[in-house]
Amino acid sequence: MATKKKTSKPTTKKEKELQQMVENLEENMRRIEEEKQLEEEIKDKKQAIKEDLQSQLISQNKFGKQFDDMIDDYLYFVELKERLQHDIDINGIRYKTTGGNGFTTYKPNESHERLLKTNGQMLTILEKLDLKAPDEGPKEGEGDDLL
């Protein structure tokens, strides 16, 4: 008597592999969209800050390429700060990792320490230029309501 070949297990295994691949692709697409949105937000923020800092320098009668270069350095740190904050938002202050021995441990997110150093550099640049941090306006929910 001939036996039937059982193909249900390989199909199920292949289906699971394909499903995992689809989930990975969807996750990657989501991350790409988030990255595009972050890029646009950073671009807008940098432009607003650049205009504000340049107007402060003009009002102080400070002109020259050295000032423009320092503003560019400040804008680099603005972008770096935003990316570090985004990383902390996604991964948290501590993240879970598996060591070489197979044990799961928690490690501090280096973005947190780098964010503190970046903020310090930004403040130093503003201090050297004798400028103040641009006002980002009232946050959502805040305002000048008199009630």
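1. Ground rules. Residue numbers start from 1 along each chain as its sequence is written. In this predicted model, local features need pLDDT of at least 70 and side-chain atom pairs count only at pLDDT 80 or more, while totals for chains, interfaces and linings use all residues; side-chain values use heavy atoms, with hydrogens and water left out.

2. The layout. The protein chain has 3 helices and 2 strands, in the order α-α-β-β-α from the N terminus on. Helices (H or I, at least four residues) and strands (E, at least two) are DSSP runs, numbered from the N terminus. Of the contacts with a separation of 6 or more, 63% are between residues 24 or more positions apart; contact here means heavy atoms within 4.5 Å.

3. Surface and burial. The protein chain has 147 residues, and 18% of them are buried. Buried means under 20% relative accessible area, exposed means over 50%, and partly exposed is in between (1.4 Å probe, protein chains only). The accessible surface comes to about 12,200 Å², with 52% of that belonging to carbon and sulfur atoms. Those areas come from the Shrake-Rupley method with a 1.4 Å probe, and for residues only the protein chains shown count as cover.

4. Helix α2. Start with residues 65-91, the 27 residues of α2: at 1.5 Å a residue they should span 39 Å, and the end C-alpha atoms are 39 Å apart, which agrees. (The expected span is 1.5 Å times one less than the number of residues.) The buried residues of α2 are F67, I71, Y74, L75, F77, V78, K81, E82, L84 and I88. As background, an α-helix has 3.6 residues a turn, so residues three or four places apart point the same way. Just after α2, G92 takes a positive phi of about 85°.

5. The core. The largest nonpolar core has 14 residues, and I49, L53, L57, I71, Y74, L129 and L131 have the most contacts inside it. The elements giving two or more residues to this core are α1 (8-59), α2 and α3 (110-129). The biggest share comes from α2, with 6 residues. A nonpolar core is a set of buried Ala, Val, Leu, Ile, Met, Phe, Trp, Tyr and Cys residues joined through side-chain atoms within 4.5 Å.

6. A closer look at I71. I71 is in helix α2 and counts as buried because its relative accessible area is 0%. Beyond its neighbours within four places in sequence, I71 is in contact with K50, L53, Q54, L57 and L129. I71 and E51 are 20 residues apart in sequence, and their C-alpha atoms are 9.9 Å apart in space.

7. Where α3 comes in. T118, in helix α3, is buried at 5% relative accessibility. Leaving aside neighbours within four places in sequence, T118 is in contact with F77, L80, K81 and L84. L116 is also placed in α3, but L116 is exposed, at a relative accessible area of 55%.

8. The aromatic pair. The structure holds 1 aromatic pair. Y76 and F77 form it, edge-to-face, at 5.7 Å centre to centre with 65° between the planes. Rings of Phe, Tyr and Trp (its six-membered ring) pair if their centres lie within 6.5 Å; planes under 30 degrees apart are stacked, over 60 edge-to-face, and the rest tilted. Y76 is exposed at 52% relative accessibility, whereas F77 is buried at 17%.

9. Strands β1 (residues 94-98) and β2 (residues 104-108) pair in the antiparallel sense over 5 bridges. Two strands pair if DSSP finds at least two bridges between them. The bridge partner of Y95 in β2 is K107. The hairpin has 5 residues between the strands, and G102 takes a positive phi near 90° there.

10. Two backbone spots to check by eye. Most residues other than glycine have a negative phi. N61 is not a glycine, yet its phi is positive, about 55°. N61 is in the loop between α1 and α2 and is exposed at 61% relative accessibility. D130 has a positive phi too, near 55°; D130 is in the segment after α3 and is exposed, with a relative accessible area of 54%.
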